[in-house]
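Good morning, and thank you for making time for this presentation. I would ask you to keep the sequence and the model in view while I speak.

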Amino acid sequence: IVPTMAAPQATSINALTATPDMRYWFTGGTDGYVRKYDGAATINGKTLLTVAQRHPFVDTVTKAGVLMSYWENDEPVQRQGDEPTISPVYSLAVQSEAIWLLSGLESGGINLQSVRHDEGKRIHCLQKHTNAVSVLSLAADEKSVLSGSWDKTILDWDLNTGLVKRSFEGSGGQISAVEVRPASSLPVPEASGEPESRGSGNG
């Protein structure tokens, strides 16, 4: 693997997502901004790193990330008249054609934001977690999303209604990764089946 590009940022990065065709890339970090990059222009070397920017990288890294736009990851305002506060971006998930994007908030909310039109406008905020949303995983049909949080729970959201369909609790620690078992025709191993009930009268 030979690295060729970099997108230097003056913040630590917590989350990175991209559309499947790699046309758009999104980053989110501690400063509370979601940044949108032009994938094709970056790969084609439309902008080059300055000598100072190249200094910390190996010699092959010459192309700069082409920043298209950025916007704030605002917490929902609790009381009318309050100033919006910016939350660090803890997780990101983007719709396959970059029409909308989900971003995790420190409060436990998940912003649903428009991307294609009126960039960064909050359409809705999904609220149920009680701590930072650290991971977001969109379903293949993009009609639901799994969210994991520092509150040690995983929630399965219906994106059409904004309601939680299922919740998974009992994790011993903060959730940092979520993966759906891939659809497969292979049988589920017996070892992962339902536990046998004990004390069924066999003495």
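**A walk through the predicted model**

I begin with E142, which is found in the loop between strand 11, residues 133-138, and strand 12. Please bear in mind throughout that this is a predicted model.

Is E142 buried or exposed? Its relative accessibility is 19%, and since buried means under 20%, E142 counts as buried. Leaving aside neighbours within four places in sequence, E142 is in contact with V94, Q95, S96, W100 and L159. With one of these residues, Q95, there is a polar contact between side chains, at 3.3 Å. For a sense of distance, consider E83, which is 59 residues from E142 along the chain: the C-alpha atoms of the two are separated by 32 Å.

Let me turn to S91, in the loop between strand 6 and strand 7. S91 counts as buried, with a relative accessibility of 3%. What does S91 contact beyond its neighbours within four places in sequence? The partners are A15, L102, S103, G104, V133, S134, V135 and L136.

I now move to strand 3, residues 24-29. Why can we describe strand 3 as largely enclosed by the rest of the structure? The reason is that six of its six residues are buried.

On one side, strand 3 is joined to strand 2, residues 13-18, by five bridges, and the two run antiparallel. Here L16 stands opposite T27. Strand 2 and strand 3 form a hairpin with five residues between them, and M22 in the turn has a positive phi of about 65 degrees.

Strand 3 is also joined to strand 4, again by five bridges and with the strands running antiparallel. F26 stands opposite K36 of strand 4. The hairpin of strand 3 and strand 4 has three residues between the strands, and in it G32 takes a positive phi near 85 degrees.

I come finally to the aromatic rings. How many aromatic pairs are there? The count comes to two. In the pair of Y33 and Y70, the ring centres are 5.8 Å apart and the planes stand at 70 degrees, so the pair is edge-to-face. The pair links distant parts of the chain, with Y33 in strand 4, residues 33-38, and Y70 in strand 6, residues 66-72, 37 residues apart. Y33 counts as partly exposed, at 24% relative accessibility, whereas Y70 counts as exposed, at 53%.

The other pair is formed by Y90 and W150. Its ring centres are 5.1 Å apart and its planes at 70 degrees, so this pair is edge-to-face as well. Where do its members lie? Y90 is in the loop between strand 6 and strand 7, which covers 92-94, and W150 is in the loop between strand 12, residues 144-149, and strand 13, residues 154-158. The pair therefore ties together parts that are 60 residues apart in sequence. Y90 counts as buried, at 15% relative accessibility, while W150 is partly exposed, with a relative accessible area of 31%.

Notes
Residues are numbered from 1 along each chain as its sequence is written. This is a predicted model: local features need pLDDT of at least 70, side-chain atom pairs count only at pLDDT 80 or more; totals for chains, interfaces and linings use all residues. Side-chain values use heavy atoms; hydrogens and water are left out. Rings of Phe, Tyr and Trp (its six-membered ring) pair if their centres lie within 6.5 Å; planes under 30 degrees apart count as stacked, over 60 as edge-to-face and the rest as tilted. Helices (H or I, at least four residues) and strands (E, at least two) are DSSP runs, numbered from the N terminus. Buried means under 20% relative accessible area, exposed over 50%, partly exposed in between (1.4 Å probe, protein chains only). Two strands pair if DSSP finds at least two bridges between them. Contact means heavy atoms within 4.5 Å. A polar contact is a pair of N or O atoms within 3.5 Å; within protein, one must be able to donate a hydrogen and the other to accept it, and residues adjacent in sequence count only if both atoms are side-chain atoms.
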